[in-house]
Structure formats: C-alpha cells, structure tokens
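Work through these exercises with the structure in view. Try each task before reading its solution.

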Amino acid sequence: MLAALVLTACSGRFVGTPRAAMLDYQTNSTYGSLYSLACAHAENLNAAVKADTLHPGMYAEYGVTLALMGHDGEACRMLNAEAKAFPESRLLVRRIKERLLPNMVDDTLAGKNDTADLVKLQGWSYDSLTALRPLPQIASVIDSTDSIRVLMQTPVDSVEYPIRLTANQKRELLVQEQQQAELQRKAAADSVAAAKQAKIDARKQAKADKKKAKKEKEKAKKEAEKEKKRLAKEKAKQRDAEKQRRAEERKAQKQKGKEAE
C-alpha cells in the first residue's frame, strides 16, 4: 500500500539500511518485528545524522514505522523532519500523512530535535504477548533511496524540484571534480610540453637545413672551381695545338721556298 507512495524510479537501498530487521518484518509482520524495525531505523537515523550521511527517505521510513505502531505524534515529527531536510519530498510526505495520519496532514512542525528519541522508543516496547500479535494489516515500509525527485502537478504547470545531494554524494562529486581538474591540468601540462618540444624540433630542423645549405653551397663552389680549371686546361690545350699548327705551316712554307729556288 505504502510502496505506491514512493517514486517508481527508486535506485535501491543505501548501504546503511537495516536489512535484517526489515526482512524479519516483511516475513513476520507482528508488533514485535515492527518494534525491532523501528529500533533499527532509529539507530540508523541517529548514526547518519551524527556522521552527516543522511539519505532521503530515512526520516520517512522511521516515521512510517512509528505511525504503524500507533505513535502518531512522533511519527508526524519524523515525517515533518523528512520534508524539512529534503524539501523535494514534501508532496510524498503529505501523501503518507493522508494515508496514515489524516488528522495531522497540516501539521508541519519538525521540532528542535531531528533525531530519533531512543528513550521514548524504549518506553514503547511491547510485552511478550503483544509482541507476538500480528498487525491488523500488512503494510510495506518505505524503501530508502539514494535520491528522491517529486513532480508536483499544478493547474498552471509542472515544477520539478532538484535533488538535494547527501554528504556521501557531495564527497563523490568533489572527488570527481578533483579528478577532472587533475586531468585538465595534465592536459594543459602536456600541451605546454608539446609546444616546447615543437619549438626545439623546429630549431633543430632549421639548424640542419642551414648546415645542409652550407654543404651544398661549398659543393657547388668546388664544382665551379673544377669546371673553371677544366675550361682553362682545355683553352691551354687549344692554344698549344694552334701554336703547333702555325709552326708546321711556317715550316712547310720554308720548305716550298727552298724547293722553288
């Protein structure tokens, strides 16, 4: 009956849920098992408040068990504490009150102390005979959830209340943000290192290109000197051949002159 009041998109119980007491109550719904479940919820709630690990639904769970036990005043205080700690759950709290505490629907006083009163709870313990009596009706206790999101329908529009992060979720989010920041710092450092290495490589390449150009220039100069020497040698050879040819012509002319005489 009460499970229908909880959002269908529940993400499961958190680690601290008193599972054993809840399973015992679900399999053996007596006043005794309900009282044991209430004690487990109270201890779990107080520990969570002290450690700042309060989850949505913890006050509501305890409040429902108190309402089923017939302790309407304390049940109303716990349900009001749920709405106070997690404003997004106030519509859910109102629906629970309409089913279990119809005379206290408009009571929103949470009280100064938002923890479970263990002394008062111990005063509500049942005798052995009453503890064995089955409950007049079996009702499922609300499951705790990692987050509660209530969608309120109004004649004008729909208002979706944001999720209130728990202390554990805040720590997890902080760790994720730190990891993301570390990744960003590493990426920035890698980018700077890559730019620095690129400059070093560019200087090395420029130096290598300059050295290569110098070698090519020296090689071209040597080739030009070698070609110049070859041309000079060729010209000298041509001059010697011309000189030899003229000498032979003069010799031939003298020989012809002698023969003519």
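A salt bridge is a side-chain nitrogen of Lys or Arg within 4 Å of a carboxyl oxygen of Asp or Glu. The model used here is predicted.

**Exercise 1.** Find which residues join Glu242 and Arg245 in a network of salt bridges.

Solution. Start with the pair itself. Arg245 and Glu242 form a salt bridge, with the closest N and O atoms 2.2 Å apart. Both lie in helix α8, three residues apart, so about one helical turn separates them. Now extend the search. Arg246 and Glu249 are linked with Glu242 and Arg245 in the network. Arg245 is partly exposed at 37% relative accessibility, and Glu242 is partly exposed at 28%.

**Exercise 2.** Work out which parts of the chain the salt bridge between Arg94 and Asp106 ties together.

Solution. Take the distance first. The closest N and O atoms of Arg94 and Asp106 are 3.6 Å apart, within the 4 Å cut-off. Next, place the residues. Arg94 belongs to helix α5 and Asp106 to the loop between α5 and α6, so the bridge ties parts 12 residues apart in sequence. Then compare accessibility. Arg94 is partly exposed, at 38%; Asp106 is exposed, at 66%.

**Exercise 3.** Decide whether α4 runs roughly parallel or antiparallel to α5.

Solution. Read the angle. The axes of α4 (residues 72-85) and α5 (residues 90-100) cross at roughly 160° and come within 8 Å. That makes the two helices roughly antiparallel. The crossing is left-handed. Last, list the contact. Cys76, Leu79, Asn80, Glu82 and Ala83 in α4 meet Arg90, Val93, Ile96 and Lys97 in α5. Five of these residues are nonpolar, one is polar and three are charged.

Conventions. Residues are numbered from 1 along each chain as its sequence is written. This is a predicted model: local features need pLDDT of at least 70, side-chain atom pairs count only at pLDDT 80 or more; totals for chains, interfaces and linings use all residues. Side-chain values use heavy atoms; hydrogens and water are left out. Axes are lines fitted to C-alpha atoms, for helices over the stretch in contact, and angles run from 0 to 180 degrees between N-to-C directions. Helices (H or I, at least four residues) and strands (E, at least two) are DSSP runs, numbered from the N terminus. Angles under 35 degrees count as roughly parallel, over 145 as roughly antiparallel, 65 to 115 as roughly perpendicular and the rest as oblique. A crossing is left-handed if the near helix is turned anticlockwise from the far one by less than a right angle, and right-handed if clockwise. Contact means heavy atoms within 4.5 Å. Ala, Val, Leu, Ile, Met, Phe, Trp, Tyr, Cys and Pro count as nonpolar, Asp, Glu, Lys and Arg as charged, and the others, Gly among them, as polar. Buried means under 20% relative accessible area, exposed over 50%, partly exposed in between (1.4 Å probe, protein chains only).
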